[in-house]
Amino acid sequence: MKFEVMYGNAVEENLEEDYRTAKKYSDFRIGRKAMYFPAFFKVKYIPLSVIDGAWIKKSVMPIKGCCGGSIPIYVLRICCGSHFFQNIKLENRKDADQALALLKEYRPGLCDSPVVAEEKGVQ
């Protein structure tokens, strides 16, 4: 399997085992070394060592079709440095909370709100 780093210069080695044992949520995984996102014939990843902040934001997704409207979703917002963000959409709060808790377990000291991130100069 081919792995491609999405952000940062620190290329992680031997990611196969970490990927295999990573906890899966919707279309991404969280391992002890990185967050993994499926891509065409490869897996893209963000090393946990470059993640500065993570928090959950409630949002809505518009419904296309005759009725219009929107459905509530949760966005796990990952912040790396002052200019890179990854927004991950999750359908329920439980998965969002579990993913955030796992990130905090594997990467202690993460900023857990945009206000704290801004105060620390992350955002």
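## Core and sheet packing in a predicted model

The largest nonpolar core has 25 residues, and those with the most contacts inside it are Phe28, Met35, Ile51, Leu76, Ile78 and Leu103. A nonpolar core is a set of buried Ala, Val, Leu, Ile, Met, Phe, Trp, Tyr and Cys residues joined through side-chain atoms within 4.5 Å; buried means under 20% relative accessible area, with a 1.4 Å probe and protein chains only. At least two residues of this core come from each of β3, β4, β6, β7, β8 and α2. Helix α2 gives the most, with five residues. Apart from this core lies another, of eight residues, including Tyr19, Ala22, Ala34 and Tyr36.

This is a predicted model, in which local features need pLDDT of at least 70 and side-chain atom pairs count only at pLDDT 80 or more, while totals for chains, interfaces and linings use all residues. Residues are numbered from 1 along each chain as its sequence is written, and side-chain values use heavy atoms, without hydrogens and water.

Leaving aside neighbours within four places in sequence, Leu103 is in contact (heavy atoms within 4.5 Å) with Ile30, Met35, Leu48, Ile51, Ala54, Leu76, Ile78 and Leu110.

Three strands form an open antiparallel sheet in the order β6-β7-β8. Strands pair if DSSP finds at least two bridges between them; helices (H or I, at least four residues) and strands (E, at least two) are DSSP runs, numbered from the N terminus.

| Strand | Residues |
|---|---|
| β6 | 53-62 |
| β7 | 70-80 |
| β8 | 84-90 |

Strands β6 and β7 pair over ten bridges, and Ala54 has Ile78 in β7 as its bridge partner.

How values were computed: Buried < 20%, exposed > 50% of the residue type's maximum accessible area, 1.4 Å probe, protein only.
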